[in-house]
Amino acid sequence: MDPKAGGGGEEDDCVDSGAETGGSDYSHLSSTSSELSVEEAQDPFLVSIHIIADPGESQPLQEAIDKVLAWIHPDLPLFRVSERRACRRRRKTPKGAQPALAVVLFLQEEYGEEQILQLHRTLQQPPWRHHHTERVHGRFLPYLPCSQDFFTLAPGTPLWAIRPVHYGKEIVRFTVYCRHDNYADSLRFYELILRRSPSQKKADFCIFPIFSNLDVDIQFSLKRLPCDQSPVPTDSSVLEFRVRDIGELVPLLPNPCSPISEGRWQTEDHDGNKILLQVLGVHLSVCLGDPRQLALPQTL
């Protein structure tokens, strides 16, 4: 979709409810965007997702993702698909399980229903598959009457959804679903990793601004699940964050964090989601424009 310049934002029905107030216990590191470095404040690839496919499956998955993201912006390499050395046995996922990671694309409503319907049809074609339809509150276009379809590319990869945005820019939002009891800890954890505070907070939802220009916003969010639901880690995909002060960061993390290659460390959040930390530095400067230039270790 053609991006629209200018400010604005989403109405309430385009923002999931939630997130808890309260400051971070990690006062050793700044969580305010005003103290971020220029690279951190203006880095559209501060957050990215790596997907691990079985041998021979990476190209169609990468092409499917690129085709969908092109509706937002033609040059957003936020996802990299790599291949395992060998196929592995698939784990049985409990019926109705909630994958812990989702990608939501907010598209301009003013460009017309047909263009959004076109993308919706794309997500109904292989390699995409329908995952579930979630009932939500708010106003939607006729093709999504009070509901939202979620799609996925392969087992163990993120959920994908599209929603209309009524004014402002188009948005790419990464969402991590948290266990009810772990939500507050997860919020502090990602404040620490991102070195910033959420721009929106409610009782069970928060949004971190990652990048913004005249065309698009990139956001990271946390969603607290009800007590009777548990998120399932996406074992064929992993979030990667660019960080700077790894020596100061590691002692504050809740789980062990160890190097897996030069400039890259791996840890887990409170719900067992694997997290990659890419240390910004001189030796990574050639890769700052595109996270796909970095090799992904075979750890998933």
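Helices and strands here are DSSP runs numbered from the N terminus (H or I, at least four residues, for helices; E, at least two, for strands). The model is a predicted one, where local features need pLDDT of at least 70 and side-chain atom pairs pLDDT 80 or more, while totals for chains, interfaces and linings use all residues. Residues are numbered from 1 along each chain as its sequence is written, and side-chain values use heavy atoms, leaving out hydrogens and water.

Strand 8 (residues 170–178) runs parallel to strand 11, with nine bridges between them; strands count as paired if DSSP finds at least two bridges between them. Strand 10 (residues 205–212) is antiparallel to strand 11 and joined to it by seven bridges. Phenylalanine 211 sits opposite isoleucine 218 of strand 11, and a hairpin of three residues connects strands 10 and 11.

## A covered strand

How many residues of strand 11 (residues 216–224) are buried? Nine of its nine are, where buried means under 20% relative accessible area, exposed over 50% and partly exposed in between (1.4 Å probe, protein chains only). Val216, Ile218, Phe220, Leu222 and Arg224 point one way, and Asp217, Gln219, Ser221 and Lys223 the other.

## Salt bridges

The whole structure holds seven salt bridges, each a side-chain nitrogen of Lys or Arg within 4 Å of a carboxyl oxygen of Asp or Glu. One of them joins lysine 169 to aspartate 217, with the closest N and O atoms 3.1 Å apart. Lysine 169 is in the loop between strand 7 (159–165) and strand 8, and aspartate 217 is in strand 11, so the pair ties together parts 48 residues apart in sequence.
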